[in-house]
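Me: Could we go through this one together? I'd like to start with the aromatic residues and then move on to the interface.

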2 protein chains.
Amino acid sequence: MSEPSYRRMDVDERRAQLLERGAELFTSHRYDELSMNKIATEVGISKALLYHYFPSKQAFFEETLSAWAERLRVRTEPDPNLPPVEQLTASLDAFLGLVEENSGAYRNLIQSATAVAEIRDLVEEVRRATAERILSGLYPAGAPPKARTAVSGWLWFMDGACLNWIEHRDIEREELRDLLLGVLMGSLIATGSPPELPQVS
Amino acid sequence: MSEPSYRRMDVDERRAQLLERGAELFTSHRYDELSMNKIATEVGISKALLYHYFPSKQAFFEETLSAWAERLRVRTEPDPNLPPVEQLTASLDAFLGLVEENSGAYRNLIQSATAVAEIRDLVEEVRRATAERILSGLYPAGAPPKARTAVSGWLWFMDGACLNWIEHRDIEREELRDLLLGVLMGSLIATGSPPELPQVS
DNA sequence: TACGGTGTTGACCGTCGGTCAATAAGCACC
DNA sequence: GGTGCTTATTGACCGACGGTCAACACCGTA
């Protein structure tokens, strides 16, 4: 007589579909540009169903990006066999590569990252953890306060420089990487307590 | 018979009142924490009257902070008679002083600064103008791209370091100032095109 | 005391994130 | 091929948001 007005899907299948489409949408639009209604319409379901699978917009956002976060974590994971500075260089290279490949998504993230309180907290947490990783790598015996301030600021520097890089694209990736490295080392020297590193041959 | 249900005020008087109370509210709460309804209730008027005096929430926000922006501009205005680095030092000192005196307001600004698209654009414009001022002071003949990237990143560094400073308060203002100066100079040296400065005696 | 200009308001709009009882898809069984 | 059951899915609703508008009422003036 009449065809069904909606299609019933297996829970896991539906969930996977929502996560996939969500990742597409959230990497191509800012967080605050997308309403749950728009997302649902885009996917072809009702907003209520979206809320049936995810408790809130923020939770949905986080889950869609968890695959990305994992990719970032893996690609920037430092190799503990390398000396500290080379670990940093490699991580930075990987990070900049990811940013370059997905500049639009990165810009949207950083901007909406700060565009919404919950997302801001999320990014701040990532920054805090990254700072910790860097500090414990460079100051195994414990980092002085000024070094912490310097690294914390440097992470902001990195985002600012990356946004500028994406916008203008007038320097090479290697140049940016060396600039960032130089700034980090320069800042730590400026604290008066530079890390003790094995001499570069 | 019955007392008036509202008080009629002179336009200028009302406007001044709204700006004053608005500044109080916006420096003690984040942009997204305050609704136009709350503001109106707080002042004791209707939301519609708020919109009679200001075209939008964003415009109201900007106008309430214009006095602040002016104060910032005046206090950080560099003295053109001083050498470039001392201009920077003095501006930085003034800036950090303002931040220290109004740390809550600063944190709210930077956070809500980024909390809403329009405000983010506003802060980015301030950053852009500041970068321009610094670059033209250090590179009168024109700044190379890497220097622009470095200064742009450094302004983010400054905000990041200031937030960290406010949060922890574990270093002195002079230390932070010197750290910031050192990082800026260090970054410019790291670009490979340091500014040509008169030698410090 | 009546007038009128204008400062001020309540009621309304569309959209937001979020909730809930009611509905219907589609499999299992007869 | 019908019938029932599980449960995936939905329309309708909520309070709050930024924003708009015609109508109202305060108060100086004549």
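Me: B:Trp156, buried or exposed?

Reply: B:Trp156 counts as buried, at 12% relative accessibility, where buried means under 20% relative accessible area, exposed over 50% and partly exposed in between, with a 1.4 Å probe and protein chains only. Please keep in mind that this is a predicted model, in which local features need pLDDT of at least 70 and side-chain atom pairs count only at pLDDT 80 or more, while totals for chains, interfaces and linings use all residues. Residues are numbered from 1 along each chain as its sequence is written, chains are lettered from A and ligands numbered from 1 in the order in which they are written, and side-chain values use heavy atoms, with hydrogens and water left out.

Me: And what does A:Trp156 form with B:Trp156?

Reply: The two form a tilted aromatic pair, 6.3 Å centre to centre with 45 degrees between the planes; rings of Phe, Tyr and Trp (its six-membered ring) pair if their centres lie within 6.5 Å, and planes under 30 degrees apart count as stacked, over 60 as edge-to-face and the rest as tilted. A:Trp156 lies in helix 8 of chain A and B:Trp156 in helix 8 (residues 145-168) of chain B, so the pair joins two chains. Helices here are DSSP runs (H or I, at least four residues), numbered from the N terminus. A:Trp156 is buried, with a relative accessible area of 11%.

Me: OK, interface then. How much do chain A and chain B bury between them?

Reply: About 2,900 Å², with 63% of it on carbon and sulfur atoms, buried area being the accessible area (1.4 Å probe) that two parts lose on being put together, summed over both. A:Thr149, A:Trp156 and A:Phe157 supply 21% of what chain A buries against chain B, more than any other three residues.

Me: How many salt bridges across it?

Reply: The rule, a side-chain nitrogen of Lys or Arg within 4 Å of a carboxyl oxygen of Asp or Glu, finds 4 across the interface of chain A and chain B. A:Lys146 forms a salt bridge with B:Glu175, with the closest N and O atoms 3.6 Å apart.

Me: Which helix of chain A gives the most to that side?

Reply: Helix 8 of chain A does, with 15 residues on the side that touches chain B.

Me: Back to rings: which residues of chain A are linked into a cluster?

Reply: Ring pairs link A:Phe26, A:Tyr31, A:Phe54, A:Phe60 and A:Phe61 into a cluster, and the structure holds 13 aromatic pairs over all chains.
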